[in-house]
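User: I have a structure open and want to go through it with you. Can we take it piece by piece?
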Amino acid sequence: AIPDGADIALYFWVTIFPLIKAENMETEMKSLIDYFRVAATLENATSTSSLVWNNANTMPTPIGRNASVIKCRTSQLKRSFPDIFVDRAAASQVQQMGAMAAAQDRHNAVAQEQLNFMKNQKAA
């Protein structure tokens with residue numbers, strides 16, 4: 001974990017970036033590396049704050065959950081992807097019943113083979 005009060009951009013370049021290089025993952029991590037290049041860049045030559053620094057006054061406000069939006073999205077997803085939204089308890093029960101039926105079919109096949117074997121033995 002990153003220590004409390006650490007300079008995140010400095011921590012990235014000193015600790016995380018060498019790991020990325022050691023794993024030869026610069027291409028896969030290019031967007032992260034580019035972000036921290038900008039994070040390490042000052043707003044201007046006399047500034048002490050980064051281009052990506054947000055203080056408490058300029059921090060974006062997170063949007064809260066809206067129950068009606070969630071309900072609407074859920075119904076749209078159910079309509080678009082019906083296979084994903086199944087009753088898991090019912091699906092599990094159907095799966096168990098299918099497994100029991102398959103086991104019964106195997107048992108019946110073995111019993112039929114035994115019956116046929118006995119018939120053949122009696123006829124011989």
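User: Among contacts between residues at least 6 apart in sequence, what percentage join residues at least 24 apart?
Analyst: The figure is 17% for this protein, where contact means heavy atoms within 4.5 Å. This is a predicted model, in which local features need pLDDT of at least 70 and side-chain atom pairs count only at pLDDT 80 or more, while totals for chains, interfaces and linings use all residues. Residues are numbered from 1 along each chain as its sequence is written, and side-chain values use heavy atoms, with hydrogens and water left out.

User: How many helices and strands are there?
Analyst: The protein has 4 helices and 0 strands. Its pattern along the sequence is α-α-α-α. Helices (H or I, at least four residues) and strands (E, at least two) are DSSP runs, numbered from the N terminus.

User: And what percentage of the residues is buried?
Analyst: Of 124 residues, 7% count as buried. Buried means under 20% relative accessible area, exposed means over 50%, and partly exposed is in between, with a 1.4 Å probe and protein chains only.

User: Now α1 and α2. At what angle do they pack?
Analyst: About 150°, with the axes of α1 (residues 8-22) and α2 (residues 30-39) 10 Å apart. That angle makes α1 roughly antiparallel to α2. The cut-offs are under 35 degrees for roughly parallel, over 145 for roughly antiparallel and 65 to 115 for roughly perpendicular, with the rest oblique. Axes are lines fitted to C-alpha atoms, for helices over the stretch in contact, and angles run from 0 to 180 degrees between N-to-C directions.

User: Which residues make that contact?
Analyst: From α1, they are Ile8, Ala9, Phe12, Trp13, Phe17 and Ile20. From α2, they are Leu32, Ile33, Phe36, Arg37 and Ala39.

User: What does the contact of α1 with α2 look like by class?
Analyst: It has 10 nonpolar residues, no polar ones and 1 charged. Ala, Val, Leu, Ile, Met, Phe, Trp, Tyr, Cys and Pro count as nonpolar, Asp, Glu, Lys and Arg as charged, and the others, Gly among them, as polar.

User: Take Ala9. Is that residue buried or exposed?
Analyst: Ala9 counts as buried, at 12% relative accessibility. Leaving aside neighbours within four places in sequence, Ala9 is in contact with Phe36, Ala39 and Ala40. The C-alpha atoms of Ala9 and Ala39 are separated by 6.1 Å, although the two residues are 30 apart along the chain.

User: Different topic. How many salt bridges does the structure hold?
Analyst: It holds 2, a salt bridge being a side-chain nitrogen of Lys or Arg within 4 Å of a carboxyl oxygen of Asp or Glu. Lys30 pairs with Asp34 at 2.6 Å, N to O. Arg37 pairs with Asp34, with the closest N and O atoms 2.8 Å apart. Shared partners join Lys30, Asp34 and Arg37 into one network.

User: How are those residues spaced in α2?
Analyst: Lys30 and Asp34 are 4 residues apart in the helix, about one turn. Arg37 and Asp34 are 3 residues apart, so about one helical turn separates them.

User: And how accessible are they?
Analyst: Lys30 is partly exposed at 48%, and Asp34 is partly exposed at 24%. Arg37 is partly exposed too, at 47%.

User: Last one. What is phi of Asn24?
Analyst: Near 55°, a positive value in a residue other than glycine. Most residues other than glycine have a negative phi. Asn24 lies in the loop between α1 and α2, and is exposed, with a relative accessible area of 60%.
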